[in-house]
Amino acid sequence: MSCEKPEDVMPRKPRHDRGKTCHKCKTQPGQLIVRHFVYCKDCFFAHVHSKFRRQMPAREAYCQPEQEPSLSVAFSGGLGASVLLDLVARTYRREGARKPVWSPITAYYVETCAAYDGVPDAVEHVKEVVNGYRGIELVVLRLEDAFDTQTPLLALSLADERLPLSSSSSATPTDALRAHLAALPTPTARLQAISNLTYALVLRAAPSHAPILFGTHLTALAVSLISGVAHGAGYNLTPPARIVRPLCEISAKECAAYAHWRALRPLRSRGPPGMDSVLGITRDFIVRLDRDFPSTVSAVARTCAKVVPKRDSSSSAGAPLTCALCERPAQHGVLEWKTRTAIRSFSSDSEQDKTEGTAVAEELCYACHTMLTSRARVRGPSDVEQVLPVPSWTSSTIRARMRESVKDFILDDED
Amino acid sequence: MSSDALALKVEFTGGLELLFDNKKKYTVSLPRTTDDAPTNLTHLILWLKDNLLKERPELFVEERTVRPGILVLVNETDWELEGEGDYQLKDGDEIIFISTLHGG
């Protein structure tokens, strides 16, 4: 007997440990296996609600007594977001409930169709879904809102890794968005940019004192953590206190079963599958891992939750830095950091050019700088000309920091 | 009443329907035996790939089973409880394929 293909001769281990009866109620036939445990439908719903409630924050942790207890839900329309909204509505907006724990509850949807060719606008579908729940308001944002062309947008030249300022010629927000995405060097960068813009738009639109719920389920969280580290975003593995992920213990399989049995209608994923990106490859890896070793994915999330970045504590580090592009915390000195960790060389001609003009690299986090400057291939002539319009908030931040850096040299009018 | 064919209801959701002519529900007819063995879910998956799948088979089938990330329900029960691909199909069975790869 050959041992070359052990699966041919060895019986496959069953995916569940104990019989086909629900391990909770011990009476009903099981209908779903979740990490080796068998659940009937009723016990599965109770299990999901319990995990959701366990992750929900206490109202007092966010709101002063005089503030209204607002709750924001980042609603992408996808699987996790649909499950999240349904759980929020069933928990906090059910018929006959006493005084609501959270009120108002607002769902923020960012329409991203302008970022893709041939992807239809889904606003009407989202309105129908959200309006189907009593007492949840909907705020619709658009990805191109990140580029308000009423005030001139700045742009960055991607030919130089110091990212010197350039000017944007985009006439409309949609033009600016498309120019922004077209200038990015890799498919990974484009997906990352869409995610960053969406995140920043939601955070800016939601009340600052309210928690914002994201429908990131366990599988998506593991993908996001691993791909985030690959992007160079390890400094931001821990989300800000405003961000809450109530589905962080619920897998994609559980969400899919929940959505099916509750007859939810998640939006199909927008844009291409992205298998040519770090995110797509990581997702493929994690989903396979989840199938073959269902407990390992939760171990990924739990391990990453223990990772705490070492924040700059020395006085030389200066004030805490916020990335001008993604608005997440950033470490100072991205270029110096890269000099220490990467093998690079500059030609002597370009070195001289780099000493002139205003450069923005030091205002960005490592992940955003890498997103703008990484190359999937050898640079061609067309790449050298790439100019990237930046979002309105990035333009404002750069202008403010430039003013701050020269304030001691500005003469008062009276002088 | 016995017949030589099994009538099955097959449904695709979560975006999988895009691979199947953008149609969610099908009623299909399969022989009761395939290769001298009772027709099972593996046979159905391969039959769907050969007969109904319109594009990108790699997003549905992988090594004679469904791609990771696809939840299969047999009469509303997780196929992992029913023996996965070895489940012997019965007349009137309802098989649902749900993609979990929706995104956010």
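Mentor: Begin with the charged pairs: a search of the whole structure finds 18 salt bridges over all chains. A salt bridge here is a side-chain nitrogen of Lys or Arg within 4 Å of a carboxyl oxygen of Asp or Glu. The model is predicted, so local features need pLDDT of at least 70 and side-chain atom pairs count only at pLDDT 80 or more, while totals for chains, interfaces and linings use all residues. Residues are numbered from 1 along each chain as its sequence is written, chains are lettered from A and ligands numbered from 1 in the order in which they are written, and side-chain values use heavy atoms, with hydrogens and water left out.

Trainee: Which parts of the chain does the pair A:R178 and A:D117 link?

Mentor: Elements first: helices (H or I, at least four residues) and strands (E, at least two) are DSSP runs, numbered from the N terminus. The side chains of A:R178 and A:D117 form a salt bridge at 3.2 Å, N to O. A:R178 is in helix α5 (residues 173–183) of chain A, and A:D117 is in the loop between β4 (105–111) and α4 (123–131) of chain A, 61 residues apart.

Trainee: Is A:D117 buried or exposed?

Mentor: Buried means under 20% relative accessible area, exposed over 50%, and partly exposed in between (1.4 Å probe, protein chains only). A:D117 has a relative accessible area of 69%, so A:D117 is exposed. A:R178, at 38%, counts as partly exposed.

Trainee: What does A:D121 pair with?

Mentor: A:D121 meets A:R142 in a salt bridge of 2.7 Å, N to O. This pair also links distant parts of the chain: A:R142 is in strand β5 (residues 136–142) of chain A and A:D121 in the loop between β4 and α4, 21 residues apart. Both are partly exposed, A:R142 at 27% relative accessibility and A:D121 at 42%.

Trainee: Where do A:R401 and A:E363 lie?

Mentor: The closest N and O atoms of their salt bridge are 2.7 Å apart. A:R401 is in helix α15 of chain A and A:E363 in the loop between α12 (348–353) and α13, 38 residues apart. A:R401 is partly exposed at 26%, and A:E363 is partly exposed at 21%.

Trainee: Which residues are joined into one network by salt bridges that share partners?

Mentor: A:D284, A:R288, B:E62 and B:R67. Within that group, the side chains of B:R67 and A:D284 meet at 3.1 Å, N to O. Across the interface of chain B and chain A the rule finds 5 salt bridges. The elements that give two or more residues to the side of chain B that touches chain A are β6 (65–66), β7 (70–74), β8 (77–78) and β9 (94–99) of chain B.

Trainee: How many residues of each chain are in contact?

Mentor: Contact means heavy atoms within 4.5 Å. By that rule 27 residues of chain B touch 32 residues of chain A. Buried area is the accessible area (1.4 Å probe) that two parts lose on being put together, summed over both. For chain B and chain A this is about 2,400 Å², with 53% of it on carbon and sulfur atoms.

Trainee: And how is chain B itself built?

Mentor: Chain B has 1 helix and 9 strands, in the sequence pattern β-β-β-β-α-β-β-β-β-β. Of its 104 residues, 53% are buried.

Trainee: Back to chain A: how many residues of helix α13 are buried?

Mentor: Helix α13 (residues 366–373) has 6 of its 8 residues buried. They are A:A367, A:C368, A:H369, A:M371, A:L372 and A:T373. These pack against β6 (154–157), α6 (187–205), α7 (218–231), α11 (334–341) and β12 (387–389) of chain A.

Trainee: What does the side chain of A:E111 reach?

Mentor: Polar contacts are pairs of N or O atoms within 3.5 Å; within protein, one must be able to donate a hydrogen and the other to accept it, and residues adjacent in sequence count only if both atoms are side-chain atoms. A:E111 lies in strand β4 of chain A and is buried at 1% relative accessibility. Its side chain reaches the backbone nitrogen of A:A122 at 2.9 Å. The backbone nitrogen of A:C113 also lies 2.9 Å from a polar atom of that side chain.
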